[in-house]
Amino acid sequence: MEKVQKFHTAVGRFTQAVALISFICVVVMMLMNVADVLMGYLFSTHILGAYELTQRLLMCAVFTAFAYGQSKKSHINMTIVIVHFPRSLRFALFTLMSILSVLAAGVMTYAAAVQTGVSASTGYMTEVLYIPLWPFYVVETVAMGIFTLALIFDTVLSFIAIFREDYAKMIQAEWS
């Protein structure tokens with residue numbers, strides 16, 4: 001159990017490091033959009049491509065925050081009913097929900113990887129600044145892969161909790 005706690009902490013630190021990308025993207029978007037509005041108001045000019053840069057940075061910000069949200073257990077889980085079930089049934093259902101989440105995230109990771117390939121092979125670019133889109137899709141694909149791995153880790157813990165009370169207590173401590 002101690003090794004699992006250490007690994008859990010390591011996963012949390014890793015996802016927090018990935019979430020720094022999200023933080024940086026949000027700060028850059030905020031500063032750029034404030035500067036764009038001020039320039040428009042004061043000098044009647046705008047930052048060329050600010051809107052499309054905001055779109056791409058927002059995409060990176062959202063996807064790089066998913067795994068951190070999972071490690072902090074901030075995603076919505078409907079445990080209000082299953083919390084009253086016996087431990088084995090409770091965690092069997094919770095594991096089933098987790099498996100479905102892993103499958104959905106895995107499919108989204110695959111779709112992002114396909115989109116990356118399509119974007120790179122066809123040369124998709126932004127409309128104003130002509131920035132290639134594939135690097136943004138690479139960030140999306142990697143971030144979704146990390147999110148999927150975080151979900152797999154939590155699913156394994158949920159499965160173990162079907163049989164072990166100490167794991168069940170650890171997981172349920174994060175339920176609201």
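Predicted model: local features only at pLDDT ≥ 70, side-chain atom pairs only at ≥ 80, totals over all residues.

Student: Let's start with empty space. How do I find it?

Tutor: Rolling a probe the size of a water molecule over the atoms shows where empty space is left. Here, the largest pocket holds about 490 Å³ of space. Its lining has 27 residues, and those closest to the centre are Gln 70, His 75, Ile 76, Asn 77 and Phe 94.

Student: Which helices supply at least two residues each to the lining of the largest pocket?

Tutor: Helix H3 (87-122), helix H4 (134-161) and helix H5 (165-172) do. H3 gives the largest share of that lining, with 7 residues.

Student: How many cavities of 30 Å³ or more does the structure hold?

Tutor: A cavity differs from a pocket in that the probe fits inside but cannot get out. This structure holds 1 cavity of 30 Å³ or more. The largest cavity has a volume of about 40 Å³. Around it sit His 8, Val 11, Gln 70, Ser 71, Lys 73, Ala 150, Phe 153 and Asp 154. Two or more of the lining residues come from each of H1, H2 and H4. H4 gives the most, with 3 residues. By class, the cavity lining has 3 nonpolar, 3 polar and 2 charged residues.

Student: Now salt bridges. What should I look for?

Tutor: Look for a side-chain nitrogen of Lys or Arg within 4 Å of a carboxyl oxygen of Asp or Glu. A search of the whole structure finds 4 salt bridges. Take Lys 73 and Asp 154 as one example: their side chains meet at 2.8 Å, N to O. Lys 73 is in the loop between helix H2 (50-71) and H3, while Asp 154 is in helix H4, 81 residues apart.

Student: Are Lys 73 and Asp 154 buried or partly exposed?

Tutor: Buried means under 20% relative accessible area. Asp 154 has 10%, so Asp 154 counts as buried. Lys 73 has 23%, so Lys 73 is partly exposed.

Student: Where do Arg 87 and Glu 165 lie?

Tutor: First, the contact: their side chains form a salt bridge, with 3.0 Å from N to O. Arg 87 lies in helix H3 and Glu 165 in helix H5, so the pair ties together parts that are 78 residues apart in sequence. Arg 87 is partly exposed at 23%, and Glu 165 is partly exposed at 39%.

Student: Which residue forms a salt bridge with Arg 164?

Tutor: Asp 166 does, and the closest N and O atoms are 2.7 Å apart. Check accessibility again. Arg 164 has 37% and counts as partly exposed. Asp 166 has 30% and is also partly exposed.

Key
Residues numbered from 1 in each chain as written. Heavy atoms only, no water. 1 Å grid on protein atoms, 1.4 Å probe; cavity = no way out; pocket = protein on both sides within 12 Å on 5 of 7 lines; lining within 4 Å. Points joined across faces, edges and corners; volume = space filled by probe spheres on them. Helix = DSSP H or I, 4+ residues; strand = E, 2+ residues; numbered from the N terminus. Buried < 20%, exposed > 50% of the residue type's maximum accessible area, 1.4 Å probe, protein only. Nonpolar A, V, L, I, M, F, W, Y, C, P; charged D, E, K, R; others polar.
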